[in-house]
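Subject: A structure for you to look at

Hello! Here is the structure I promised to pass on to you. Please open it next to this email and follow along as you read.

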Amino acid sequence: MMTSKSDEYKTGVKIITGLYILKILQNEPAHGNKIATEIKERTQDLLTPNPNALYPLLRRLEEDGYITGEWDNPGTRSKRIYTITDAGSSLISVLEDKVKENFAQRERKIAILREDLQLY
């Protein structure tokens, strides 16, 4: 089955968002809203993680063992605090390579368009 350009874009955004999550958690544990706010601020609003996409990604990273999550107050379950694992730290370089290749592909396409349209 072929993937659409929209699917490729969504996958790229997930990889970039996952990389941001892991890099943020390298600095300190954080809850989902703090992670979303930091991504938004660091990308100057280019990425504004939607909770409907962010929390499933956090759950997936947790299920796969890249992060752990604990409730700040297990009784109320108000905020889940996430911490990066050793596996998550190792995943960062893998995701960085994927993002670099994705950017390089996009930059090659832009260069073709820029040259053809003579927009230097």
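This is a predicted model: local features need pLDDT of at least 70, side-chain atom pairs count only at pLDDT 80 or more; totals for chains, interfaces and linings use all residues.

Start with the three strands, which form an open sheet in the order β1-β3-β2, with antiparallel pairing. The edges are β1 (30-31) and β2 (67-71), each of which pairs on one side only.

In soluble globular proteins, nonpolar side chains tend to be buried together. The largest nonpolar core here has 22 residues, and those with the most contacts inside it are I21, L22, L25, I35, L58 and I67. Two or more residues come from each of α1, α2 (32-42), α3, β3 and α4. Which element gives the most to this core? That is α1, with six residues.

Leaving aside its neighbours within four places in sequence, I67 is in contact with L22, L25, L58, L61, E62, Y82, T83, I84 and T85.

**The largest pocket**

Rolling a probe the size of a water molecule over the atoms shows where empty space is left. In this model, the largest pocket holds about 350 Å³ of space. Its lining is made up of 14 residues, with K14, I15, L57, R60 and L61 lying nearest the centre. The elements that give two or more residues to the lining are α1 (5-27), α3 (51-63) and α4 (86-116). The largest share, five residues, comes from α3. What kinds of residue line this pocket? Eight are nonpolar, two are polar and four are charged.

**Two residues in a loop**

Finally, have a look at the loop between α2 and α3, where you will find Q44 and D45. Most residues other than glycine have a negative phi, and most peptide bonds are trans. Q44, however, has a positive phi, near 50°, and D45 also has a positive value, near 70°. Is Q44 buried or exposed? Q44 has a relative accessible area of 70%, and exposed means over 50%, so Q44 counts as exposed.

Happy exploring!

Note on methods
Residues are numbered from 1 along each chain as its sequence is written. Side-chain values use heavy atoms; hydrogens and water are left out. Two strands pair if DSSP finds at least two bridges between them. Helices (H or I, at least four residues) and strands (E, at least two) are DSSP runs, numbered from the N terminus. On a 1 Å grid over the protein atoms alone, a cavity is a set of points where a 1.4 Å probe fits but cannot get out, and a pocket is an open set with protein on both sides within 12 Å along at least five of seven lines; lining residues have an atom within 4 Å of a point. Grid points are joined across faces, edges and corners, and a volume is the space filled by probe spheres set on the points. Ala, Val, Leu, Ile, Met, Phe, Trp, Tyr, Cys and Pro count as nonpolar, Asp, Glu, Lys and Arg as charged, and the others, Gly among them, as polar. A nonpolar core is a set of buried Ala, Val, Leu, Ile, Met, Phe, Trp, Tyr and Cys residues joined through side-chain atoms within 4.5 Å. Buried means under 20% relative accessible area, exposed over 50%, partly exposed in between (1.4 Å probe, protein chains only). Contact means heavy atoms within 4.5 Å.
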